[in-house]
Amino acid sequence: MALRKQNKLPQAAFIKQILKRCSSLGKKLHGYDPEDGLPFDVPKGHFAVYVGESRGRYIVPLSFLSHPDFQCLLQQAEEEFGFDHDMGITLPCEEVVFQSLASIIR
């Protein structure tokens, strides 16, 4: 029996793929670095998400992507909103819930 090569992307590639899916992180918008397509106001190793009805913007570390509860939120976001829209990654939860989760993850 032959072993199949694991088809799993390294974590850095997986993270970059998620961020690139979001059209607002594209290179065409103002306020974004033309080289990597990331917002100028987001420090390296972080990314922006929008949360709640008012779409509050939060800058979160990439380490959140490895937390199972945050991964669940991303999966729900993809199902509900998709990653191809103008606003960025929008998480389908209330801001209070997100703030609570963020405080647990940190």
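Reply: Happy to. Helices here are DSSP runs of H or I with at least four residues, strands are runs of E with at least two, and both are numbered from the N terminus. Before going further, please keep in mind that this is a predicted model, where local features need pLDDT of at least 70, side-chain atom pairs count only at pLDDT 80 or more, and totals for chains, interfaces and linings use all residues. Residues are numbered from 1 along each chain as its sequence is written, and side-chain values use heavy atoms, with hydrogens and water left out.

Helix 2 itself covers residues 68-80, and its 13 residues should span 18 Å at 1.5 Å a residue; the C-alpha atoms at its ends are 18 Å apart, so the two values agree. The expected span is 1.5 Å times one less than the number of residues. Its buried residues are F70, L73, L74 and A77. Viewed down the axis of helix 2, these buried residues fall within an arc of 100°, so they line one face of the helix. That arc is taken from the directions that run from the helix axis to the C-beta atoms. Turned away from the buried side, the opposite face carries P68 and E79, which are exposed. For these words, buried means under 20% relative accessible area, exposed over 50%, and partly exposed in between, with a 1.4 Å probe and protein chains only.

Now for the partner. Two packed helices are described by the angle between their axes and the distance between the axes. The axes of helix 2 and helix 3 (residues 95-105) come within 10 Å and cross at roughly 145°. The axes are lines fitted to C-alpha atoms, for helices over the stretch in contact, and the angles run from 0 to 180 degrees between N-to-C directions. From helix 2, D69, F70 and L73 meet F98, L101 and I105 of helix 3. Sorted by class, this contact has 5 nonpolar residues, no polar ones and 1 charged. Here Ala, Val, Leu, Ile, Met, Phe, Trp, Tyr, Cys and Pro count as nonpolar, Asp, Glu, Lys and Arg as charged, and the others, Gly among them, as polar.

Seen from helix 3, the buried residues are F98, L101, A102 and I105. They cover an arc of only 100° around the axis, which puts them on the same side of helix 3. V96, S103 and I104 are exposed on the other side of helix 3. The buried residues of helix 3 pack against strand 1, strand 2, helix 2 and strand 3 (89-91); contact means heavy atoms within 4.5 Å.

Strand 1 (residues 46-51) holds A48, which is buried at a relative accessible area of 12%. Leaving out residues up to four places away in sequence, A48 touches V42, R57, Y58, I59 and I89. The C-alpha atoms of A48 and V60 are separated by 6.2 Å, although these residues are 12 apart along the chain.

To place all this in the whole, the chain has 3 helices and 3 strands, following the pattern α-β-β-α-β-α along the sequence. Of its 106 residues, 36% are buried.
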